[in-house]
Amino acid sequence: MMHWGIVFMSTRTINGVTLALLQGDIVKVQADAIVNAANSALAGGGGVDGAIHRAGGPSIMQACRDIGGCPTGSAVATDAGRLSAKYVFHAVGPIYRGNPEDERLLKSAYQSCLDLAEQYKIESIAFPSLSTGIYGYPLHLAAPIALRTITEHIKKPTSLKQVIMVLYGDSSYQAFEDALKTFG
Ligand code: ADP
């Protein structure tokens, strides 16, 4: 595990599907689909978006241009370029505003990726913590929404065998670890 630069890891098995929390860089994680925290123009940016385009190369941006955009709360699939994944799912989380719509849109962004996973019949997916960087969603509010959406999904029949939350930095990891504990 150290060769991934992964520092901590916590796992839970739900209905035969492994849910793992890792601390590290998502472009170094092995999964059939890597989720990008994209913007609705699919225009690229900083944070995890920049890291994925840098590591994956220009074919991903070309595919994003061809698609043209993605509404907030939804996700689209492209190839994964030079990444070892089969697909990148570009999910658009909400910019946090502090109203009830935030939660619905954040949940919907995660759910759209899980739906794409079923559509493409993939076995593993790696998520970053959507909306909690530049989009300002407080981690302690975003973490339970992310984990609840994932766990509710994998309680039902699914092609997935592994769902990995890749947390960047101590505070993100800790917020997800704390949220996971409240799931019993
Ligand atoms: P958003 O615009 O949706 O907030 P960001 O990319 O700014 O997206 O941040 C989303 C989360 O991804 C943040 O918690 C940030 O710390 C994290 N992050 C940034 N770079 C990486 C990376 N290489 N791997 C995993 N997570 C990352």
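I take buried as under 20% relative accessible area, exposed as over 50%, and partly exposed as in between, with a 1.4 Å probe and protein chains only. The model is predicted, so I kept to local features at pLDDT of at least 70 and to side-chain atom pairs at pLDDT 80 or more, while totals for chains, interfaces and linings use all residues. Numbering starts from 1 along each chain as its sequence is written, and side-chain values use heavy atoms, with hydrogens and water left out.

**Entry: K121**

K121 is exposed, because its relative accessible area is 65%. I place K121 in the loop between α3 (101-119) and β6 (124-127). Helices here are DSSP runs of H or I with at least four residues, strands are runs of E with at least two, and both are numbered from the N terminus. I also checked the backbone: phi of K121 is near 55°, a positive value in a residue that is not glycine.

**Entry: the ligand**

How many residues surround the ligand? I get 15, and the closest are D25, V48, S131, G133 and I134. A residue counts as near if one of its heavy atoms lies within 4 Å of the molecule. By class, the shell holds seven nonpolar residues, seven polar and one charged. For these classes, Ala, Val, Leu, Ile, Met, Phe, Trp, Tyr, Cys and Pro are nonpolar, Asp, Glu, Lys and Arg are charged, and the others, Gly among them, are polar. Helix α1 (residues 47-56) gives the largest share of the shell, three residues.

Next I went through the polar contacts. I use the term for a pair of N or O atoms within 3.5 Å; within protein, one must be able to donate a hydrogen and the other to accept it, and residues adjacent in sequence count only if both atoms are side-chain atoms. A ligand nitrogen is 2.9 Å from an N or O atom in the side chain of D25. A ligand nitrogen is also 2.9 Å from a polar backbone atom of I26. At G133, a polar backbone atom is 2.8 Å from a ligand oxygen. Taken alone, the ligand exposes 560 Å², and the protein buries 90% of that. Those areas come from the Shrake-Rupley method with a 1.4 Å probe; for residues, only the protein chains shown count as cover.

**Entry: S131**

S131 is one of the closest residues to the ligand. I find S131 in the loop between β6 and α4 (139-154). Is S131 buried or exposed? S131 is buried, because its relative accessibility is 6%. Phi of S131 is near 70°, again a positive value in a residue other than glycine.

**Entry: A179**

A179 and S131 are 17 Å apart, C-alpha to C-alpha, and 48 residues apart in sequence. A179 belongs to helix α5 (residues 170-181). A179 is buried, because its relative accessible area is 7%.

T151 is in helix α4. T151 counts as buried because its relative accessibility is 6%. What lies 3.2 Å from a polar atom of the side chain of T151? I find the backbone oxygen of R148 there.

N36 lies in strand β3 (residues 33-37). At 0% relative accessibility, N36 counts as buried. The side chain of N36 makes a polar contact with the side chain of H90, at 3.2 Å.

S74 sits in the loop between α2 (58-67) and β4 (75-79). S74 is partly exposed, because its relative accessible area is 24%.

D66 is in helix α2. D66 counts as exposed because its relative accessibility is 61%. The C-alpha atoms of D66 and L21 are 33 Å apart, and the two residues are 45 apart along the chain.
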